[in-house]
Amino acid sequence: MLPLTYKTIEEIATQWVDAPILKVDTLYDLEVWIMYTRYKRELPIYKFYFDDPEKHQLYISSKTGEVQQYTTRRQRFYAWIGAIPHKLYFPALRKHTPLWIRTITITSLIAFLVCLTGLIAGLYRYYRQYKKWDLHDSLPENCLEVAPRIWGMVLCFSYHLDLKRSYIAKKNTSVDRKDTYR
């Protein structure tokens, strides 16, 4: 096995992308593309920028020489308009796992209450309009009004439960919790 030097890591990087290396950053802290705490033990991580049309970025551990992340400009763009805002994966917030979980919990609770309020207001409006609970009069409109609200409440609640379940499962593992949840 080759000794792990910067030159060795650079050779690993050139095997991944057939393009010249534009620049290299040495990361001493987590960033949005390497956000999980498991990456902390790999720091410092070399971030290679490639001069190709797809603008590849490659993250390689300086300790093991293993590739940690590999992205293209397109993947980063869609992550910024999709997964990152959806999961609130902003680095300043995500680095503090307990705060991030509290934020997710509070926002999902607010979304749940908004859906519930909309559902109650819609049912109340329906009742006031028809003065009865006969759902057969306008079944398609009722389904279109009620179903998305119920679906939204289910999503908020299930996301909250999944987040709590995964956090509790990680908390009960034998991994050193100080390292995992900072």
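This is a predicted model: local features need pLDDT of at least 70, side-chain atom pairs count only at pLDDT 80 or more; totals for chains, interfaces and linings use all residues.
1. **The overall layout.** The protein has seven helices and four strands, and along the sequence they follow the pattern α-β-β-β-β-α-α-α-α-α-α. Of the 182 residues, 34% are buried. Among contacts with a separation of 6 or more, 48% are between residues 24 or more positions apart. The accessible surface comes to about 12,000 Å², and carbon and sulfur atoms account for 62% of that.

2. Next, please look at S61, which belongs to strand 3 (residues 57-61). Is S61 buried or exposed? Its relative accessibility is 0%, so S61 counts as buried, the limit being under 20%. The S61 side chain makes a polar contact with the side chain of E42 at 2.6 Å. The side chain of S61 also reaches the backbone nitrogen of K63, at 3.1 Å. Leaving aside residues up to four places away in sequence, S61 touches I9, E42, P44, I45, E66 and Q68.

3. **A cis peptide bond.** One of the residues that S61 touches, P44, deserves a visit of its own. The peptide bond leading from L43 to P44 is cis, with omega near -5 degrees. You will find P44 in the loop between strand 1 and strand 2. For background, most peptide bonds are trans.

4. **The salt bridge between E31 and K47.** How many salt bridges does the model contain? The count comes to three. One of them joins the side chains of E31 and K47, with N and O 3.1 Å apart. E31 sits in the loop between strand 1 (21-27) and strand 2 (45-50) while K47 is in strand 2, so this pair ties together parts that are 16 residues apart in sequence. Both E31 and K47 are buried.

5. **The salt bridge between K7 and E10.** Here the side chains of K7 and E10 meet at 3.7 Å, N to O. The two residues, K7 and E10, are three apart in helix 1 (residues 6-16), which means that about one helical turn separates them. E10 has a relative accessibility of 22% and therefore counts as partly exposed.

6. K55 lies in the loop between strand 2 and strand 3. To begin with, K55 forms a salt bridge with D51, the closest N and O atoms being 3.8 Å apart. Both partners are partly exposed: K55 has a relative accessible area of 30% and D51 has one of 40%. The other point concerns the backbone: phi of K55 is near 50 degrees, a positive value in a residue other than glycine. As a reminder, most residues other than glycine have a negative phi.

7. A search of the whole structure finds six aromatic pairs. How are the rings of W33 and W80 arranged? Their centres are 6.3 Å apart and their planes stand at 90 degrees, so the pair is edge-to-face. This pair links distant parts of the chain, with W33 in the loop between strand 1 and strand 2 and W80 in helix 2, 47 residues apart. W33 is buried, at 14% relative accessibility, whereas W80 is partly exposed, at 40%. Elsewhere, Y6, Y46 and F48 form one aromatic cluster.

8. **A nonpolar patch on the surface.** Which residues make up the nonpolar patch on the surface? They are F77, Y78, W80, I81 and F90, and together they have about 530 Å² of accessible area.

9. **Isoleucine 104.** For a last stop, turn to helix 5 (residues 97-130), where I104 is found. With a relative accessibility of 3%, I104 counts as buried. I104 and H86 are 18 residues apart in sequence, and their C-alpha atoms are 9.9 Å apart in space.

Conventions:
Residues are numbered from 1 along each chain as its sequence is written. Side-chain values use heavy atoms; hydrogens and water are left out. Buried means under 20% relative accessible area, exposed over 50%, partly exposed in between (1.4 Å probe, protein chains only). A polar contact is a pair of N or O atoms within 3.5 Å; within protein, one must be able to donate a hydrogen and the other to accept it, and residues adjacent in sequence count only if both atoms are side-chain atoms. Contact means heavy atoms within 4.5 Å. A salt bridge is a side-chain nitrogen of Lys or Arg within 4 Å of a carboxyl oxygen of Asp or Glu. Patches are made of residues with over 30% relative accessible area and no salt bridge: like charges are joined within 9 Å, nonpolar side chains (Val, Leu, Ile, Met, Phe, Trp, Tyr) within 5 Å. Accessible areas come from the Shrake-Rupley method with a 1.4 Å probe; for residues, only the protein chains shown count as cover. Rings of Phe, Tyr and Trp (its six-membered ring) pair if their centres lie within 6.5 Å; planes under 30 degrees apart count as stacked, over 60 as edge-to-face and the rest as tilted.
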